[in-house]
Amino acid sequence: MKIYGVALLAFCFLVGHILGDFLGKAFHLNGNLGGVGFAMLMLILLNDFFKRKKLLAEETESGILFWSKMYIPVVIAMSSTQNVKAALSGGWLALLVGLFATMACYFFIPIMSKLKLNK
Amino acid sequence: MFFIQNNFHQSQLFSIPLFEYLQPIIEILQKNGLVFSFLLVGLIMYISYLVSKNLTNHKIPGAAIAISFGLFVAYLGNGEKGIASIPIFSGMAILGGSMLRDYSIVSTALGASFTEIKKTGLVGLLCLVIGTVLAYVVGGSIAFMMGYNDAKSIATIGAGACTFIVGPVTGSAVGASSSVIAISIAIGVIKSVIVTIATPFVAKKFGIIDPHNAMIFGGLVGSTSGVSAGLAATDPKLVPYGALTATFHTAMGCLLCPSILYYLTLIIVQ
């Protein structure tokens with residue numbers, strides 16, 4: 001049943017968030033530290049486990065796949081609700097920092113990807 | 001968790017004669033905001049993919065056009081919530097809110113291969129640290145050059161260069177002024193906009209073509225929304241890898257910026 005997949009996804013999501021929230025509190029920061037990342041790791045591990053045991057029915061999987069296909073639409077809705085005006089009114093400083101910080105990160109990609117080859 | 005407030009005000013528009021007739025329709029659209037947003041996003045995507053196919057001959061991905069379209073639409077709205085600040089479009093804030101966004105990001109993990117992630121493991125972790133420090137140093141230096149010489153402001157602006165969550169978290173932790181915090185949010189938003197729009201164009205140049213490099217990209221750049229939207233427009237198969245490391249970037253930033261990096265800044269500045 002598709003709802004099993006949706007429920008499994010919800011389970012991973014919630015456990016990840018609880019874990020992230022717990023970590024945030026542990027470091028005295030009012031934020032969720034990597035909750036989504038933990039949820040993703042959990043789903044990857046569970047998926048790997050279920051696949052090996054042949055426990056994951058195709059129907060179940062399609063319940064999760066539906067949401068991954070909804071990802072781009074969700075991102076579009078998200079971008080339409082960003083505070084774009086504030087981003088533009090942040091002035092030159094915001095624009096410069098945003099631009100240069102992003103460029104610096106891009107230039108490090110080839111360097112970091114070569115790092116693996118050297119190992 | 002940001003959640004939409006259900007304080008729909010009767011718009012003054014209804015006093016205009018034409019809008020009086022439309023009032024019942026508008027009320028229904030407002031009441032069923034989430035469903036209306038499905039229709040709206042569907043329309044945005046349809047138009048964008050049409051533009052991608054007919055005007056750019058698939059050179060610019062439909063998803064990239066749709067996301068830019070979304071940002072443009074956000075500009076039309078007034079204030080913090082973009083287009084959702086107009087009551088009739090408030091459903092967009094539910095569909096694009098943090099709950100459904102995170103839920104659907106997690107679902108993309110189903111397509112990720114565990115062995116691929118294990119291979120990137122340590123390099124990925126290193127990318128998180130380098131990405132955070134790099135953004136912080138670049139942001140902090142520019143802030144210093146532009147006349148900010150107190151550690152609090154420099155740290156907050158540097159943290160904003162990580163993501164728009166790290167900025168305010170750091171700012172409130174070190175006690176920066178609210179205008180500096182607003183700038184740090186703006187920086188984070190600009191970063192995510194740049195990453196969203198630029199990634200499909202520069203992906204080949206910087207080698208963002210396989211899961212391994214997508215994870216490095218996510219770890220270095222960090223902005224989860226920008227990384228995942230940019231990758232979605234580049235190659236949807238790469239989304240889970242980039243998003244996975246990117247979500248940890250915010251965590252890393254929230255850990256390092258208000259602590260070690262702030263203290264180092266304090267020592268350097270004084």
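In what order do the elements of chain B run from the N terminus on? They run α-α-α-α-α-α-α-α-α-α-α-α, and chain B accordingly has 12 helices and zero strands. Helices (H or I, at least four residues) and strands (E, at least two) are DSSP runs, numbered from the N terminus.

This is a predicted model, in which local features need pLDDT of at least 70, side-chain atom pairs count only at pLDDT 80 or more, and totals for chains, interfaces and linings use all residues. Residues are numbered from 1 along each chain as its sequence is written, while chains are lettered from A and ligands numbered from 1 in the order in which they are written.

**Chain B**

The radius of gyration of chain B, 21 Å, is close to the 18 Å that the globule rule gives for 270 residues, so chain B is as compact as a globular protein of that length. The radius is taken over C-alpha atoms, and the rule is 2.2 Å times the number of residues to the power 0.38. Along the principal axes, the C-alpha atoms of chain B fill a box of roughly 65 × 45 × 30 Å. Of its 270 residues, 57% count as buried (20 or more other C-beta atoms within 10 Å of the residue's own, with C-beta atoms placed from the backbone).

An automatic or database domain assignment divides chain B into domain 1 (15-96) and domain 2 (113-269). Their centres, taken over C-alpha atoms, are separated by 28 Å. Six residues from domain 1 of chain B and seven residues from domain 2 of chain B make the contact, two residues being in contact if their C-beta atoms, placed from the backbone, lie within 7 Å.

**Contacts between the chains**

Chain B places 85 residues in contact with 61 residues of chain A. The table gives the classes on two contacting sides. Ala, Val, Leu, Ile, Met, Phe, Trp, Tyr, Cys and Pro count as nonpolar, Asp, Glu, Lys and Arg as charged, and the others, Gly among them, as polar.

| Side | Nonpolar | Polar | Charged |
|---|---|---|---|
| Domain 1 of chain B, touching domain 2 of chain B | five residues | one residue | no residues |

**Helix α1 of chain A**

α1(A) has 25 residues and reaches 36 Å from its first C-alpha to its last, close to the 36 Å expected at 1.5 Å a residue; the expected span is 1.5 Å times one less than the number of residues. Among its buried residues are Gly5(A), Leu8(A), Phe13(A) and Gly24(A). The buried residues of α1(A) pack against α2 (35-52) and α3 (58-69) of chain A together with α5 (98-107) of chain B.

Conventions
Buried ≥ 20, exposed ≤ 12 C-beta atoms within 10 Å, placed from the backbone.
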